[in-house]
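Please find below a short note on the structure. The points begin with the protein as a whole and then turn to a single residue.

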Amino acid sequence: MKILVVDDMGSMRHVMIGMLRRLGFTDIDEATDGKRALELLEEKPYQLVISDLNMPHIDGLALLHEIRTRPALKNLKLVMVTCENGRERVQQVLLEKVDGFIIKPFSMATLEKQFKKLHLLELIE
């Protein structure tokens, strides 16, 4: 399973990648913002995108919208990660048909629970 981790904070990308590796995932790329993520999504096939909501250039919501409106990407699973828990913003993300939602700070158990819910642990190569 090929995963793309998108976050403007290097430390958060590395924490997420470390957790993913502990879960058994090994094919992981990273992007610093939604703009770079879209470039990578055009270059290679991914089965999952894990994206921060608040980023410069193209934020997580705009990235999600782009993914859902592009025929080649519309079925791609996307899990949004954010420290924002405001009702209006969360509703915007849910309306764009996000597959999963994780509020920061989160633990390995939270990530694992979200992956089980989406049946992603079954896809470890």
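**Note on the predicted model**

1. The model discussed here is a predicted one.

2. Five helices and five strands are present in the protein. Read from the N terminus, the elements follow the order β-α-β-α-β-α-β-α-β-α. The radius of gyration is 13 Å, close to the 14 Å that the globule rule gives for 125 residues, so the protein is as compact as a globular protein of that length.

3. The C-alpha trace spans about 35 × 30 × 25 Å along its principal axes. Of the 125 residues, 46% are buried.

4. Asp52 belongs to strand 3, which covers residues 48-52. Is Asp52 buried or exposed? Its relative accessible area is 6%; because this value is under 20%, Asp52 counts as buried.

5. Which side chain makes a polar contact with the side chain of Asp52? The partner is the side chain of Lys104, at 3.2 Å. When neighbours within four places in sequence are left aside, Asp52 is in contact with Val6, Asp7, Asp8, Gly60, Met80, Val81, Thr82 and Lys104.

Notes:
Residues are numbered from 1 along each chain as its sequence is written. This is a predicted model: local features need pLDDT of at least 70, side-chain atom pairs count only at pLDDT 80 or more; totals for chains, interfaces and linings use all residues. Side-chain values use heavy atoms; hydrogens and water are left out. Helices (H or I, at least four residues) and strands (E, at least two) are DSSP runs, numbered from the N terminus. Buried means under 20% relative accessible area, exposed over 50%, partly exposed in between (1.4 Å probe, protein chains only). A polar contact is a pair of N or O atoms within 3.5 Å; within protein, one must be able to donate a hydrogen and the other to accept it, and residues adjacent in sequence count only if both atoms are side-chain atoms. Contact means heavy atoms within 4.5 Å. The radius of gyration is taken over C-alpha atoms; the globule rule is 2.2 Å times the number of residues to the power 0.38.
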